[in-house]
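Here's a walk through one model, going from the overall build down to single residues. Have a look at the structure first, then read on.

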Amino acid sequence: MNFEQRIPREASARLFEEAQEYFPGGVNSPVRAFRSVSGPPLFIREGHGSHMIDEDGNRLLDFCCSWGPLIHGHDNPHIRERVIETVLRGTSFGTPNRLGNQLGKLILDNHRYVERIRFVSSGTEAVMSALRLARGYTGRNKIIKFDGCYHGHVDSLLVKAGSGLATLGTSSSAGVPETVARDTLVLPLGDRDLLERTLSEHSGEVACIIVEPIPANNGLLIQDRSWLECLRIKAWKHDVLLIFDEVISGFRVGFEGAAGLYDVAPDIITFGKVIGGGFPVGAYGASKEIMDYIAPVGPVYQAGTLSANPVAMAAGLAALEQCLAPGFYVEMAARTHRMATAIEAYARERNYPVHVPHVGSIFWLAFGTERIERADQIDAANMQYFKIIHHELLQTGVYLGPSGYEVGFVSSAHSETDLQEGVAKICAAMDVAFGE
Ligand code: PMP
């Protein structure tokens, strides 16, 4: 395949070359380096609504949406106004502030599964803090996670399944001590017997089960409700806490996230992305009883200089208020469904091995025709198709995250016309990847 560039990319290429002098690999987060797709990463200059413009002036219909936070698209007027209004009064005080209260209230008033919340500054920080809380609350060290779920770059979660049948984890990043990794038990998604056996074998040692209820970092591995219910029941049975990592799904598939969508109540929920309206915000929440284990009330320490930063709180508030508009999530899901099924229908007619799993306003271009529910069902060899599709889409002005394992997001700024354009261009890109 010839990945000929038909759009100007010189300015991005120059900036990327310069960036190599400053940052490892030229980036501040690895996947941004475009290592598994063609050409240099695009340096984005600005974004408005459903589109971004790069430093070469290319205009791109954006289905990455900053990896999920931008549920209202770029430069949303309500968020912009609130942020500017707030910035004019100072940007950080390191004290409690009214906007933090307002965002806290808005969330607790509209989310049945959270009684108390603590704001932090990223999804990783939320997960790290939630794990410490689970360990502090239960007085136990081991945690159970699932292959195919990503939870940020927390030491004890940068862990993959050990060899053979052993569920004891081994670190998946240099710098994570094996002593830390060994406290993480890694299981395949959906294996109820193994979960039961693991909980029994490690009875009295496990603090929590952590899961992405809608795994969306390794493809979109949509789970059956009955599996999530099984996790709930087993956690109760073995007296361990259940953590839903809703950094992606929270406020994305519904205001109450996956917990609300499936009506399964976790003990602790972690948030990120949408909650900050495009600013660095994470959070974790639980019942009052569990959250009272956090300092200054309880013995589990957790703090942050920029936690509940007023500008970020203003952005989060403006974002979540718009999510509460009647019918918001129904409409987002309906549009995404129309787009996904149109792509699927086109692929089916031509026998292209593509299907488009989707939930709420999250979608994924999946290769093969079978439903994919576990990480080991993804064939890495198919990522060559993604590379072609990604390249073709950039040439025609559509931006997907630069990896076939990443999901896409639809925002409320995507008009029906945008979505039709997306469908047409994705179909044309599939013709290049799969056509005769
Ligand atoms: N958990 C999940 C489910 C995520 O999707 C992510 C980010 N992709 C994280 C945690 C980490 O969040 P952040 O990148 O904000 O640290």
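## Ground rules

Let's start with burial: a residue is buried if 20 or more other C-beta atoms lie within 10 Å of its own, exposed if 12 or fewer, and partly exposed in between, with C-beta atoms placed from the backbone. This is a predicted model, where local features need pLDDT of at least 70, side-chain atom pairs count only at pLDDT 80 or more, and totals for chains, interfaces and linings use all residues. Residue numbers run from 1 along each chain as its sequence is written.

## Overall build

The protein chain has 13 helices and 18 strands, where helices (H or I, at least four residues) and strands (E, at least two) are DSSP runs numbered from the N terminus. Its radius of gyration, taken over C-alpha atoms, is 22 Å, close to the 22 Å from the globule rule for 436 residues, so the chain is as compact as a globular protein of that length. That rule is 2.2 Å times the number of residues to the power 0.38. Along the principal axes, the C-alpha atoms fill a box of roughly 60 × 55 × 45 Å.

Buried residues make up 49% of the 436 residues. As for contacts (C-beta atoms, placed from the backbone, within 7 Å), take those in the protein chain with a separation of 6 or more: 72% of them join residues 24 or more positions apart.

## Two domains

Where are the domain bounds? The assignment gives domain 1 (10-75 + 326-434) and domain 2 (77-323); such bounds come from an automatic or database domain assignment. Taken over C-alpha atoms, the centres of domain 1 and domain 2 are 25 Å apart. Their contact takes 23 residues from domain 1 and 26 residues from domain 2.

On the domain 1 side of that contact there are 15 nonpolar, five polar and three charged residues. For these classes, Ala, Val, Leu, Ile, Met, Phe, Trp, Tyr, Cys and Pro count as nonpolar, Asp, Glu, Lys and Arg as charged, and the others, Gly among them, as polar.

## The nonpolar core

The largest nonpolar core has 125 residues. A core here is a set of buried Ala, Val, Leu, Ile, Met, Phe, Trp, Tyr and Cys residues joined through C-beta atoms within 7 Å. Ala134, Cys208, Ile209, Leu241, Ile243 and Ile268 touch the most other members. Helix H10 (residues 310-323) gives the most to this core, with ten residues. Domain 1 and domain 2 both give residues to this core, so it lies between them. In soluble globular proteins, nonpolar side chains tend to be buried together.

Which residues does Leu241 touch, not counting those up to four places away in sequence? The list is Ala134, Tyr137, Thr138, Ala207, Cys208, Ala235, Asp267 and Ile268.

## Around the ligand

The ligand is surrounded by 14 residues, and the closest are Ser122, Gly123, Thr124, Gly152 and Val247. By class, the shell divides into four nonpolar, eight polar and two charged residues. Helix H4 (residues 123-138) gives the most to this shell, with three residues.

## Two buried residues

Leu261 sits in helix H8 (residues 257-262) and counts as buried, with 20 C-beta neighbours inside 10 Å. Leaving out residues up to four places away in sequence, Leu261 touches Val253 and Gly254. Ser249 is twelve residues from Leu261 in sequence, and 9.8 Å from it C-alpha to C-alpha.

Val410 belongs to the loop between strand E18 (408-409) and helix H13 (416-434). With 26 C-beta neighbours inside 10 Å, Val410 is buried too.

Ala295 and Pro296 are joined by a cis peptide bond, with omega about 10 degrees. Pro296 is in the loop between helix H9 (288-291) and H10.

Now for Ser66, which has a positive phi of about 60 degrees although it is not a glycine. Ser66 is in the loop between strand E3 (59-62) and helix H2 (77-87). Is Ser66 buried, exposed or partly exposed? Ser66 is partly exposed, because 17 other C-beta atoms lie within 10 Å. Trp67 is found in the loop between E3 and H2 as well, and its phi is positive too, near 70 degrees. With 19 C-beta neighbours inside 10 Å, Trp67 counts as partly exposed.

How values were computed. A residue is near a molecule or strand if its C-beta atom, placed from the backbone, lies within 6 Å of it.
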